[in-house]
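I opened the model to look up two sites. My notes follow the structure.

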Amino acid sequence: MKKTVGIIGAGIGGLMAGAFLAKEGWQVTVYEKAVTVGGSAGTYARKNRRFPTGATIAFGLEDRGLLDTLFQQLDIRISSDVLDHPMDVILEDRTISLYREPSLWKAELVRAFPERSDDVLDFWHELEQLSEAVFGVTATGVSLPIRRMVDLGKLPRHAVSHPGSMVRLARNSLRTVEDLLRVHHLETYEPFRQFLDAQLLDAAQIDCTKAALLPSSLALTIYRRGSFYVDKGIGQLSEALAERIKELGGDVRTASPVEILILEEKKWRIVTKRRSELFDTVINNSGVSFGEGTSHAEAEDFSWGAFRIDALLKETFRHSVLDGRPLPFAAQIVPDKKQTVLYTDGHGPVYVTFQPAYNRKNERIEDELMMTCSIHTQSEQWKSLSQETYLQKKKRVKEAMFEEIQRVFPVQKYISSSEAGTPVTYEKYLGKTEVGGFPLTVRNAILKPKSVHSSLSNFYIVGEQSFPGPGTLSSALSGYHAARAIMKDRK
Ligand SMILES: Cc1cc2nc3c(=O)[nH]c(=O)nc-3n(C[C@H](O)[C@H](O)[C@H](O)COP(=O)(O)OP(=O)(O)OC[C@H]3O[C@@H](n4cnc5c(N)ncnc54)[C@H](O)[C@@H]3O)c2cc1C
């Protein structure tokens, strides 16, 4: 008889685990609260359009990249475009354009930071060397903390053949990004610091003072490895995984929130409104707790909430306003200091993306552009407000974000519709107010990373809260690590 696994949450981590287990002959059942799969890297439908729920840029899809390798093993083909100019970071006094091509990027560092260009180039050189070492180790499939031999992946062989890189990693393991800034006497060079802070808040959920250097080195340099617009949106990654699970005989049940989880002898019972089923093994990818030890959400660590706006623009915006200036795929706009709302109700840069619009049936709408905007916010601030205060706060943040966007991209008269969502909206649809995982501090990333194993028997925890951390690529890797551990544990 086939071994059975119940997966709670159809985020990219849970689906990746499910697809690998289904491929190995497990009977997989995925339970998803929302009506669509993908979690914060999925889509939702409104006004006959498909909007992203959160994530927009994919990583690891380059040939033999970390995600590409997993999809190849699952015989899944993903159609995507590499982004040559993925992002502009807009500071008060300058704009930094990220480029994939290394020589363009080096020239951009010199252009954007002329006051300290030599030190900035040296800093970047060291960051890239570290990033190479971190990438090499990540590609071995190591899953921290090491609880079983299987978590080592191919690390031992890699360590023997790359002793220099292992020494470099050990030497830098407890350092923060600020420590590296200090080495290059850049810690008080504000423009460069602001640029790093903007990048790190999205990638590591924390600024350079506390961001662990090792994972940050990979996050800050990843655009040279490749960042991608997935054809028809990043939600296609999860949809492809869900399809694969079904092709392999599994079941993906949307609109099926899990309500209760019970350990009965050696099996797990998953209870939803309509069903009650027993499984040999359970994976929790939901990021919410179903009782002690069932989720890393029980840890006291802080995570951010997100405030988002989705808008539709007339495609003419691209041609009429920018005067031939290339429109980056995304922009991070560091708010004007006078914009106090975005320093109290929101936090960090306003993140904007421009992408093609699709309708519910995934057909391209030629004369439309989709603009997604988001900012970090403390989810606690949005809970327990009266309806009136909540709506006022939502309006205030939305207007302040639009003001900042308008300053850089004059979109106002091209907007045909827009809608905002808060941490409360996330809770309604995805069951949690906090999204994006724990900040990658030295403690969270190196000293006490959160395992895919749990203290409960035949119970695993995957997603952005488990090692290696936030983002679609990391969540997907945690799903793969859990599947590999389960196959070994239940042999
Ligand atoms: C605004 C925003 C922008 C982002 N941008 C990017 C980006 O550009 N690139 C990038 O790589 N990453 C980005 N991220 C991060 C990325 O989206 C997440 O880290 C990743 O998608 C998390 O995946 P996950 O597997 O942990 O699951 P999640 O996406 O958290 O999914 C968990 C799933 O569990 C379901 N669930 C909850 N409760 C229950 C229940 N009781 N029963 C059943 N199911 C339940 C939820 O509905 C959800 O579908 C962004 C995140 C946000 C919020």
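These entries cover the ligand shell and then a pocket.

I am working on a predicted model, where local features need pLDDT of at least 70, side-chain atom pairs count only at pLDDT 80 or more, and totals for chains, interfaces and linings use all residues. Residues are numbered from 1 along each chain as its sequence is written, and side-chain values use heavy atoms, with hydrogens and water left out.

**Ligand shell.** I listed 34 residues around the ligand (a heavy atom within 4 Å). Glu32, Ser40, Lys432, Glu464 and Thr472 come nearest. I sorted the shell into 15 nonpolar, 14 polar and five charged residues; Gly counts as polar here.

**Polar contacts.** I looked for N or O pairs within 3.5 Å. A polar side-chain atom of Glu32 sits 2.6 Å from a ligand oxygen. For Gly13, a backbone N or O atom is 2.8 Å from an oxygen of the ligand. Thr56 places a polar backbone atom 3.1 Å from a ligand oxygen. The protein covers 92% of the ligand's own 1,000 Å² of accessible area (Shrake-Rupley, 1.4 Å probe).

**Placement.** Why do I put the ligand between two domains? Domain 1 (4–78 + 231–300 + 437–489) and domain 3 (305–430) both give residues to its shell, so the ligand lies between them. Helix H14 (423–430) gives the most to the shell, with three residues.

**Second largest pocket.** I read a volume of about 550 Å³. The lining has 26 residues, with Tyr44, Arg46, Thr425, Tyr426 and Tyr429 nearest the centre. H14 gives the most here too, with six residues. This pocket also lies between domain 1 and domain 3, because both give residues to its lining.

**Pocket terms.** A pocket is an open set of points on a 1 Å grid where a 1.4 Å probe fits, with protein on both sides within 12 Å along at least five of seven lines; lining residues have an atom within 4 Å of a point.

Note on methods:
Polar contact = N/O pair within 3.5 Å; in protein donor to acceptor, adjacent residues only side chain to side chain. Helix = DSSP H or I, 4+ residues; strand = E, 2+ residues; numbered from the N terminus. Domains from an automatic or database assignment. Points joined across faces, edges and corners; volume = space filled by probe spheres on them.
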